[in-house]
Amino acid sequence: ALPIYTCSLWKLFHCLTVQAALRPEALTNEGAVVSPQAVLQVMRRYIKYFFGCRECAGHFEEMAKESMDSIKTPDGAVLWLWQKHNVVNKRLAGVPSEDRKST
């Protein structure tokens, strides 16, 4: 695996949720109402179907099933992702990884 792949992916995901919160109009399609979960749902599908670590994808899917439906605002999406990233960091604390050495 590439040494900083997952760290870079987390950074991208955080950037996307923050930008969606700052510029929600960028997600609208000719006035259509977009769910505050829109960006997270795309991430969820990417992780579920394409992420290389199946165990990690399963953990993310469990977290999403537990609480993603509770997100009601774009800021809530930003905070949800941050909280789940912290959960992942705690779970992986002490596990040897090239990723963690890169950040």
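Select Cys56 to begin. In this predicted model, Cys56 has a relative accessible area of 30% and is therefore classed as partly exposed.

A disulfide joins Cys53 to Cys56, with an S to S distance of 2.5 Å. A disulfide is a covalent bond between the sulfur atoms of two cysteines. The angle about the S-S bond is 70°, and the link between Cys53 and Cys56 is right-handed. How many disulfides does a search of the whole structure find? The search finds one.

Two further cysteines may now be selected. Cys7 has a relative accessibility of 16% and so counts as buried, the cut-off being under 20%. Cys15, by contrast, is partly exposed, with a relative accessible area of 41%.

The tour now turns to charged side chains. The count of salt bridges comes to two. For one of them, select Arg44 and Glu61. Their side chains meet in a salt bridge, with 2.7 Å from N to O. Arg44 belongs to helix α2 (residues 38-50) and Glu61 to helix α3 (residues 54-67), so the pair ties together parts that are 17 residues apart in sequence. Are Arg44 and Glu61 buried or exposed? Both Arg44 and Glu61 are buried.

For another salt bridge, select Arg23 and Glu25. The side chains of Glu25 and Arg23 meet at 3.5 Å, N to O. Arg23 has 45% relative accessibility and therefore counts as partly exposed.

The last stop is Lys84. Select helix α4, which spans residues 74-92, and find Lys84 within it. Lys84 is buried, yet it has no salt bridge. Which side chain of opposite charge is nearest to Lys84? That side chain is Glu66, 4.8 Å away. Why does this pair not count as a salt bridge? The nitrogen of a Lys or Arg side chain must lie within 4 Å of a carboxyl oxygen of Asp or Glu, and the side chain of Glu66 is 4.8 Å from Lys84.

To complete the view, show the surroundings of Lys84. Leaving aside residues up to four places away in sequence, Lys84 touches Trp10, Met63 and Ser67.

Key:
Residues numbered from 1 in each chain as written. Predicted model: local features only at pLDDT ≥ 70, side-chain atom pairs only at ≥ 80, totals over all residues. Heavy atoms only, no water. Helix = DSSP H or I, 4+ residues; strand = E, 2+ residues; numbered from the N terminus. Buried < 20%, exposed > 50% of the residue type's maximum accessible area, 1.4 Å probe, protein only. Lys, Arg positive; Asp, Glu negative; His and termini not counted. Contact = heavy atoms within 4.5 Å. Disulfide = S-S within 2.5 Å.
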